[in-house]
Amino acid sequence: MSVTILVVEDEPAIQELISYNLKKNGHVPLCVYDAEQAIIMVNNVLPDLVLLDWMLPSMSGIEFARRLRRETRTKSLPIIMLTARIEEQDKILGLDAGADDYITKPFSPRELIARIKAVLRRRLPEMSDEIIELGGLKLDPTTHRVFVYRVLINKRL
Ligand code: CA
């Protein structure tokens with residue numbers, strides 16, 4: 001399933017790298033350079049996830065994250081912060097602002113994709129193609145099949 005990801009990053013080289021890797025993994029990137037453009041973008045298209053740089057030209061990533069959390073429409077939008085800051089204090093500030101996860105720069109494309117996957121699995125299980133197992137219940141989102149203790153109970157949902 002393709003996932004639309006809003007990328008808010010003011011460094012063109014990093015934005016390009018992220019965009020390339022998201023496309024390569026079947027995601028749809030929407031790239032902007034600052035929080036002001038991001039606000040306009042979110043008003044038009046609600047993404048499935050936001051990759052948000054901490055240090056942006058005017059409004060900071062933290063401020064933008066807080067703003068997303070305040071509004072009903074974007075309250076539960078998964079946010080991954082991109083940051084060069086590794087101080088614990090800063091991480092706590094980011095998590096308080098509503099970030100779901102962190103990626104510290106420089107990061108590998110592999111880590112980026114893995115973290116996106118983990119956040120989506122946690123926040124939007126319906127966006128995941130992975131089989132979900134809970135107790136004796138098994139859900140296969142790809143084939144839309146449900147098993148209880150390995151017995152298929154539906155043909156298709
Ligand atoms: Ca930056």
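**View 1. The calcium site of the predicted model, with a buried aspartate among the ligands.** With a relative accessibility of 2%, Asp53 counts as buried in this predicted model. Asp53 is one of the residues that coordinate the calcium ion: the donors come from Asp10 (OD), Asp53 (OD) and Met55 (O), at 2.1 to 2.3 Å. Along the chain, these donors follow the spacing D-x42-D-x1-M. Distant parts of the chain are linked in this way, since Asp10 belongs to the loop between S1 and helix H1 (12-24), while Asp53 belongs to strand S3, 43 residues apart. Asp10 has a relative accessibility of 27% and counts as partly exposed, because the buried class is limited to values under 20%.

**View 2. The protein chain as a whole.** The secondary structure of the protein chain consists of 5 helices and 9 strands. In sequence order, the elements of the protein chain give the pattern β-α-β-α-β-α-β-α-β-α-β-β-β-β. A box of roughly 55 × 30 × 30 Å, taken along the principal axes, is filled by the C-alpha atoms. Of the 157 residues in the protein chain, 45% are buried. Among contacts between residues at least 6 apart in sequence, 51% join residues at least 24 apart.

**View 3. The parallel sheet.** Five strands, in the order S2-S1-S3-S4-S5, form an open sheet with parallel pairing. Strand S2 (28-32) and strand S5 (101-104) are the edge strands; each has a single partner strand, so one side of each lacks a neighbour in the sheet. From one strand to the next, the twist averages 20°. Strand S4 (residues 79-83) pairs with S5 in the parallel sense over 4 bridges. Thr83 has Thr104 in S5 as its bridge partner. Helix H5 (residues 109-123) lies across strand S1 (4-8), strand S3 (49-53), S4 and S5, and runs at about 175° to S5.

**View 4. The crossing of helices H1 and H5.** The axes of H1 and H5 come within 10 Å and cross at roughly 60°. This angle makes H1 oblique to H5. The crossing of the two helices, H1 and H5, is right-handed. From H1, the residues Ile18, Asn21 and Leu22 meet Pro109, Leu112, Ile113 and Ile116 of H5.

View 5. Gln15 is a residue of helix H1. Its relative accessible area is 8%, and Gln15 is therefore buried, as the class covers values under 20%. When neighbours within four places in sequence are left aside, Gln15 is in contact with Val7, Glu9, Cys31, Val32 and Tyr33.

**View 6. The antiparallel sheet.** An open sheet of 4 strands has the order S6-S7-S8-S9, and its pairing is antiparallel. The edges are formed by strand S6 (132-134) and strand S9 (151-152); each has a single partner strand, so one side of each is left without a neighbour in the sheet. Strand S7 (residues 137-140) and strand S8 (residues 145-148) pair in the antiparallel sense over 4 bridges. Within this sheet, Asp140 stands opposite Arg145 in S8.

Conventions. Residues numbered from 1 in each chain as written. Predicted model: local features only at pLDDT ≥ 70, side-chain atom pairs only at ≥ 80, totals over all residues. Heavy atoms only, no water. Pairing = 2+ DSSP bridges. Axes fitted to C-alpha atoms, helices over the stretch in contact; angles between N-to-C directions. Contact = heavy atoms within 4.5 Å. Donors = N, O, S within 2.8 Å, 3.2 Å for Na, K, Ca; no water. Buried < 20%, exposed > 50% of the residue type's maximum accessible area, 1.4 Å probe, protein only. Parallel < 35°, antiparallel > 145°, perpendicular 65-115°, else oblique. Left-handed = near helix turned anticlockwise from the far one by under 90°.
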